[in-house]
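Open your viewer and get ready to click along. We will go from stop to stop, selecting a few residues each time and looking at what is there.

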Amino acid sequence: KPLQPCRPGRARQILKAGRAVVVRHTPFVIRLLDRTVAGSTVDGVEIGLDPGSRHTGIAVFTERDGSRAGKYGIQLDHRGAAIRDKLTARSNHRRRRRSRNLRYRAPRFLNRTRPKDWLAPSLRHRVDTTMSWMARLRRWAPVRAVHLERVAFDTHAMSAGRPLEGIDYQQGTLAGYEARQYLLEKWGRACVYCGAAGTP
């Protein structure tokens, strides 16, 4: 049963007194031998999750009186590019086998169906790794809440400086211009390098 996390100094004292044993080194987890959940004060911790394409950040923290205190931080480095390269290499090896002068192998098409909730292996790895670390943290700490950052940036609206709707997304900075006329107006019909104007 997970109890409230303690400071490293407190953990050293407990271990030195023989009241606990080490369960895991990274992250450092101890198991108390002389106390149960009923005799402990467990306020719980919260987890902040910031998913990304290459890295996912996980923070374990406590919140009291509006202030947060970090307990543990994890940066998951995803292997999406490595998985993609491995799958490409496997595909090339199989293609080479099929084109080599070997025995005839009849094509099989019944093994190519994908389930409804199929994800690419690189994406599936990202989801599975994050979920497995969340399950581990829930085993080691009394998690009471999970905060997930979900932010979508509208780069088109940010560059336009105003809210966009419908067809506005199809009208970029070059809308209604030829590229040459757009560049002339953008630079004030003057040379970008020397500033000369009024010359053909």
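Before the first click, one term: a contact means heavy atoms within 4.5 Å. This is a predicted model, in which local features need pLDDT of at least 70 and side-chain atom pairs count only at pLDDT 80 or more, while totals for chains, interfaces and linings use all residues. Residues are numbered from 1 along each chain as its sequence is written, and side-chain values use heavy atoms, with hydrogens and water left out.

**Stop 1**

Select T62, which sits in strand β4. Helices (H or I, at least four residues) and strands (E, at least two) are DSSP runs, numbered from the N terminus. Is T62 buried or exposed? T62 is buried, because its relative accessible area is 17%; buried means under 20%, exposed over 50%, and partly exposed in between, using a 1.4 Å probe and protein chains only. Setting aside residues up to four places away in sequence, T62 touches Q4, G44, V45, S67, R68, A69 and K71.

Now pick G70 in strand β5. G70 counts as exposed, because its relative accessibility is 70%. Leaving out neighbours within four places in sequence, G70 is in contact with V60 and F61. Try the distance tool here: from C-alpha to C-alpha, G70 and I47 are 9.8 Å apart in space and 23 residues apart in sequence.

**Stop 2: backbone details in two loops**

Go to the loop between β1 (20-24) and β2 (29-32), where you will find P27. Which kind of peptide bond joins T26 and P27? The bond is cis, with omega at about -5°.

Next, select D65 in the loop between β4 (55-64) and β5 (67-77). Phi of D65 is near 55°, a positive value in a residue other than glycine. D65 is exposed, with a relative accessible area of 79%. R189, in the segment after α5 (179-186), also has a phi near 55°. R189 counts as partly exposed, at 47% relative accessibility.

**Stop 3: paired charges**

Side chains of opposite charge can pair when their charged atoms come close. A salt bridge is a side-chain nitrogen of Lys or Arg within 4 Å of a carboxyl oxygen of Asp or Glu. How many salt bridges does the structure hold? There are 7.

Show D43 and R64: their closest N and O atoms are 3.0 Å apart in a salt bridge. This pair links distant parts of the chain, with D43 in the loop between β2 and β3 (45-50) and R64 in strand β4, 21 residues apart. D43 is partly exposed at 38%, and R64 is exposed at 56%.

Two other pairs to display are D85 with R84, at 3.3 Å from N to O, and D168 with R162, whose closest N and O atoms are 3.9 Å apart. D168 has a relative accessible area of 25% and R162 one of 44%, so both count as partly exposed.

**Stop 4: far along the chain**

Click G18 in the loop between α1 (8-16) and β1. The C-alpha atoms of G18 and K116 are separated by 53 Å, and the two residues are 98 residues apart along the chain.

**Last stop: a helix residue**

Finish with R96, found in helix α2 (residues 80-99). R96 is partly exposed, because its relative accessibility is 49%.
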